Amino acid sequence: MTAPAAPASPSRIAVVTGASSGIGAATARQLAAAGYRVVLTARRKDRIEALAEEIGAAGGQATAYALDVTDRAAVDEFATAFKTIGVLVNNAGGALGADPVSTGDPADWRQMYETNVIGTLNVTQALLPALTASGDGTVVVLSSTAGHGTYEGGGGYVAAKHAEHVLAETLRLEIVGTPVRVIEVAPGMVKTEEFALTRFGGDTEKAAKVYAGVAAPLTADDVADTITWAVTRPSHVNIDLLVVRPRAQASNTKLHRDLG
């Protein structure tokens, strides 16, 4: 295995969206440990400011910037701060509800599409010139195994993640020949403090059932480790798509649960 190398000076800045918790926060910590100056973005300013302080106390470099990725004007303003950046991790997103297509709330579908897809589009478009100017840029799209297969009750989230997958795949085709890689990381079941709880509107019982009987779901750190590994490959190496699941999960619909 090729050991990760410290990023070159023009590529030392890594922007992470949705960095206030879960996979985004874990990724920010690990990229900072790998030598990147991390820019933390999320709507919850207090969370990312606390994380920036934590990273700084650990010897890393981090800056917090409150940002709603669905607000294009705000994203464009944010992008003016950078002439070059090395890495963009499009992590902001999430799921809402688990209703069937026949009764799903269109407002939930719209919000999932706006956050997962349009948010990724906004930030990627705004920062692509700076990524290109670095001479060695990397765009990471954190999709999901939901972007590669469906399951009952997942229609809106699955649709959004399929779109995000296609966004990454198409961008890779369109910018081939430029000094920018496009990496898609698609996690399966990940247990974080907020994902399922947000999906079920704060219902702790429903959220707990998602992971019931599963001995070891993925953690945010597991996914962050995968992202950091992909980002720190030699610049000529592109990890087009990396699917990562816990051992107990064979597919979106095949999961081993020990409920005895």
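One cavity of 30 Å³ or more is present in the structure, a cavity being a set of points on a 1 Å grid over the protein atoms alone where a 1.4 Å probe fits but cannot get out. The model is predicted: local features need pLDDT of at least 70, side-chain atom pairs count only at pLDDT 80 or more, and totals for chains, interfaces and linings use all residues. Residues are numbered from 1 along each chain as its sequence is written, and side-chain values use heavy atoms, without hydrogens and water.

The volume of the largest cavity is about 90 Å³. Its lining comprises 15 residues, of which L96, G97, A98, D99 and W109 are the closest to its centre; lining residues have an atom within 4 Å of a point. Helices α4 (106-133) and α5 (155-174) are the elements that give two or more residues to this lining.

L31 touches (heavy atoms within 4.5 Å) A14, V16, Y36, V38, V89, T228 and V231, not counting residues up to four places away in sequence.

Helix α8 (residues 220-231) has among its buried residues V223, I227 and V231. The buried residues of α8 pack against α1 (22-33), β4 (87-90), β5 (137-142), β6 (180-187) and β7 (241-244).

Terms used
Buried < 20%, exposed > 50% of the residue type's maximum accessible area, 1.4 Å probe, protein only. Helix = DSSP H or I, 4+ residues; strand = E, 2+ residues; numbered from the N terminus. 1 Å grid on protein atoms, 1.4 Å probe; cavity = no way out; pocket = protein on both sides within 12 Å on 5 of 7 lines; lining within 4 Å. Points joined across faces, edges and corners; volume = space filled by probe spheres on them.
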